[in-house]
Amino acid sequence: MENTEKTRKIRLYKDNDKYKRDVQVIVNGKAYLIQRGVEVEVPCSVAEVLEHAQEQSQRAIELSDSIGKNGK
């Protein structure tokens, strides 16, 4: 079976602290290990999973901030 899914180039943020390790993404039972700090080409489904994860992290931060402000 040939994989014909479109791909996208992405680059994940890298630092020397919290964001230094590679990122594992699993889509439909297939695992991908994404290297940080370099441009890589991944299936669009992998890019979408990473985008959704980033959006959810941002929402969590915003919610935490709003709870903190209301609790003061």
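**Helix, pocket and overall form**

Trainee: Which residues of H1 are buried?

Mentor: Ser-45, Val-46, Ala-47 and Leu-50 are buried in H1. Keep in mind that this is a predicted model.

Trainee: And what covers the buried residues of H1?

Mentor: The cover includes four strands: S1 (7-11), S2 (23-27), S3 (30-34) and S4.

Trainee: How far apart are the end C-alpha atoms of H1?

Mentor: They are 39 Å apart. H1 runs over residues 44-70, which is 27 residues, and at 1.5 Å a residue it should span 39 Å, so the two values agree.

Trainee: Which residues lie nearest its centre?

Mentor: Leu-12, Tyr-19, Arg-36, Leu-50 and Gln-54, out of 17 residues that line the largest pocket. Leu-50 is also one of the buried residues of H1.

Trainee: Where does the largest share of that lining come from?

Mentor: From H1, with eight residues. S1 is another element that supplies at least two residues of the lining.

Trainee: How do the lining residues divide into nonpolar, polar and charged?

Mentor: Nine are nonpolar, three are polar and five are charged.

Trainee: Switching to S4. Where is Glu-39 placed?

Mentor: Glu-39 is in strand S4, which covers residues 39-43.

Trainee: Which residues is Glu-39 in contact with, leaving aside neighbours within four places in sequence?

Mentor: Lys-9, Ile-10 and Arg-11. The C-alpha atoms of Glu-39 and Ile-10 are separated by 5.5 Å, although the two residues are 29 apart along the chain.

Trainee: What about contacts across the protein: what share comes from residues 24 or more positions apart?

Mentor: Such pairs account for 51% of the contacts with a separation of 6 or more.

Trainee: Now the whole thing. What pattern does the protein follow along the sequence?

Mentor: β-β-β-β-α, that is, one helix and four strands.

Trainee: Why is the protein described as more spread out than a compact globule?

Mentor: Because its radius of gyration is 16 Å, well over the 11 Å that the globule rule gives for 72 residues.

Trainee: What box do the C-alpha atoms fill?

Mentor: Roughly 55 × 25 × 20 Å, taken along the principal axes.

Trainee: Last one: what percentage of the 72 residues is buried?

Mentor: Buried residues make up 21% of them.

Key
Residues are numbered from 1 along each chain as its sequence is written. This is a predicted model: local features need pLDDT of at least 70, side-chain atom pairs count only at pLDDT 80 or more; totals for chains, interfaces and linings use all residues. Side-chain values use heavy atoms; hydrogens and water are left out. Contact means heavy atoms within 4.5 Å. The expected span of a helix is 1.5 Å times one less than its number of residues. Buried means under 20% relative accessible area, exposed over 50%, partly exposed in between (1.4 Å probe, protein chains only). On a 1 Å grid over the protein atoms alone, a cavity is a set of points where a 1.4 Å probe fits but cannot get out, and a pocket is an open set with protein on both sides within 12 Å along at least five of seven lines; lining residues have an atom within 4 Å of a point. Ala, Val, Leu, Ile, Met, Phe, Trp, Tyr, Cys and Pro count as nonpolar, Asp, Glu, Lys and Arg as charged, and the others, Gly among them, as polar. The radius of gyration is taken over C-alpha atoms; the globule rule is 2.2 Å times the number of residues to the power 0.38.
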